[in-house]
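Dear colleague,

I am passing on the structure below, and my notes on it follow. Please read them with the coordinates open beside you.

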Amino acid sequence: MSLCDACKQFRLDRLSDSSEGRISYPLPDVRTAATAGCNFCNLLWSSLGYLSENNQARVLKAEADLCIHLEPHPEHWNYLRHFENIDGLGLLKLDTLIAPKLFTKDSEYEMTDGWPISPSGFEICLAADSGSAAAISQDIKGRYLGPDVYSDQHFLTIQKWLYGCLDHSACGTRWTGERIINPWEAVMPSRCIHITPKRCSLRSTDGIHGAYITLSHRWNDDTKLSITTTDNYEDRERGVWQPTLPSVFRDTLLVAGRLGIQYVWIDSLCIIQNGDGGADLGHEIMKMGQYYQNSLLNIASASNSHQYGLFHPVEPMRQPYNLVRLPYRQINGKRSGYFYAYQRSQTLEAELSEVLRNSQLSMRGWVFQERILTPRTLSFTQAGLTFECQTQMVKKDTEELWINPYAQILQNVKPQLDQSDRQKLDSIGDGWQYLLQWYTEMKLTKPEEDRVKALAGIAGEYRDMLQQFAPGCSSEYISGLWLWDIHQGLLWEHVRPLETLEILAMDITPSWSWASVLARVFWPSRDKAEKACTIVKLTSKGGDTYDVPENIEQAASEGSYHPSFDVDNLYTMLTVRGRIVPIFIGEYLGSQKGKTAAALTGDEHVKPDLWRAVCSLTSPELISGWGSFEQPDIQSRLVPPTKAIVVVALHIATVRNRASMGIQSSFWSTTHKVYRVLFLECVGGQRYRRVGVGRIFEPDLIAEFDEAPEQEIDLV
């Protein structure tokens, strides 16, 4: 490879804190050397192609006074040096800045002349061969292991990741703070695939202890054909697999074998899927969260293509290009081998967002639970291997680092031990809703069966966490919400236009639950809301009724009230005592009025594009609140010439907000109360379905609520 004289003298030690912290190349020299054939200068010069036209013009106009400055990528650099205690520079990437020669981060150029300019989407990645001086010194942390993810180098990396994670205390701790059992001595799932040198067979574990690997995968035609049934169960115990297992299952067994693990759990193979009336599936599905949580390693088949099984070769477009070999020098300047710089076709964030976070696998509802509960996941993608755990950033097989979205979710889910009891409880409630905001984006093949069930393992962890941190709090879990937090939980709002919403039937999922809407949902900020209604009774789908004690917290703390519903229950009817008032649903508020309404009710964080005006029957010209409606028939009934329809509003909670006002062309009235309400329609007798959620802020309509008598209604 050709290098100019300047690049032949490349010195990494200039990037250290004790030196300049930067390597600078005069831009005219870069252009000249690139034209003359210097590969590294050509790589640097190509960064100008990532600038906007305006910035390109600025750079070329001031070229004589500018340099290309190379600096360590700060996020990766700081993380490695502070959390992995490396001895060397720990370089993975170099940031490219175009600025005047004497540029410093505190210079006038940055503040007044718009320097530096950073080429968007341009990354210089660094790698060193294992065993080279650059690698041994830990000056270069990056590696390139090649496109074959089944190679020896890849499996050495997997073992390094796995055994490194086993030393992380947080990765072996449940949400309650309790230490998870040693994964080498975990209680096995009811059945596992047992790997021996001669065969692989389905085995009932009978409570034995040991290490096992789990698999996260998408079901497809091949995997459906390979399910375990009562008809083939005995054959599989003998190691006879007909039809032949799909490649993704065979590859998982190969990975386990190479890692020295004898047992693998795969849902479709280890749970009887057909022939017993669903008995085994119903029993095992409640244990799946525990199976993933106690596994030594979870393997994720994240490639969108099934052609290659797990071992999808790294796609050519994701392999390094513009590869340049640069001399590596020790601090004394002595040359000691080489390291490599190369360019990506897309940034690491863009690549991993595509192949990991937004992959077809990661968008599955059951997989969400698996990824949240498992301590560590090894993903096989079309861009190579990644490893994520509950402690560190996502690691790629190039050793590059990326923010771990699942670790971030867990940080928002678990309460802080130094919080007060009330703060812990609020934190647990907010964490549940934060988790649901992610989960409700996921897809399910059978949402009518699995919308709540696919969260059962996480809900079980939450119930244990409630009992640990708030023993005086009810841990009753009903259709995806917690009874202790029901006044907040009922206030979910969707973020999708009505025309695209899919609603599950009320006899499957109650209309008041977020699970009834197949769309992403969110909740308002908790604030200091005052409860305005009472849950008096719960009714199961089978008709069993359970009275809710008036002081449920006291009953729970005394041990006289125990949860009546399993964490996978899908249907519950709520009997509520509260105040309801009829209201008009009017036209869409529009952008400006919507923003005003959001400000009045303390909901500025929300985009009110889907809100409609809510008015009292006595003053229909006055906008008294806003409503967000999820039932599609509401939209169809408001098609012109119909301008408004009547529903009832149930007062759920009150928040004390800054001065609020009714909206009219020239009328503003003031109150300090905002009522959080559900909008309902009667479906017969005292039964009502939810049609939307909203706020009331106009004082006369608030007075109507205050004057209305309390009554009992059933929410279905």
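Two strands are counted as paired if DSSP finds at least two bridges between them. On that basis this model, which is a predicted one, holds an open sheet of nine strands in the order E7-E6-E10-E9-E11-E14-E15-E16-E17, with mixed pairing. Its edges are strand E7, residues 200–204, and strand E17, residues 401–402, each of which pairs on one side only. At the E7 end, strand E6, which covers residues 191–195, pairs with E7 in the antiparallel sense over five bridges, and within this pairing Arg191 has Ser204 of E7 as its bridge partner.

Turning to the helices, H11 runs over residues 247–258 and, with 12 residues, reaches 16 Å from its first C-alpha to its last, close to the 16 Å expected at 1.5 Å a residue. The buried residues of H11 are Ser247, Val248, Phe249, Asp251, Thr252, Leu253, Val255 and Ala256. After H11 comes Gly260, with a positive phi near 80 degrees.

As for the cysteines, the structure holds zero disulfides, a disulfide being a pair of cysteine sulfur atoms within 2.5 Å. The closest cysteine sulfur to that of Cys38 belongs to Cys4 and lies 3.7 Å away, which is too far for a bond, while Cys38 itself is buried, at a relative accessible area of 3%. For Cys125, the closest cysteine sulfur is that of Cys7, at 17 Å, again too far for a bond, and Cys125 also counts as buried, with 0% relative accessibility.

How values were computed: Residues are numbered from 1 along each chain as its sequence is written. This is a predicted model: local features need pLDDT of at least 70, side-chain atom pairs count only at pLDDT 80 or more; totals for chains, interfaces and linings use all residues. Side-chain values use heavy atoms; hydrogens and water are left out. Buried means under 20% relative accessible area, exposed over 50%, partly exposed in between (1.4 Å probe, protein chains only). Helices (H or I, at least four residues) and strands (E, at least two) are DSSP runs, numbered from the N terminus. The expected span of a helix is 1.5 Å times one less than its number of residues.
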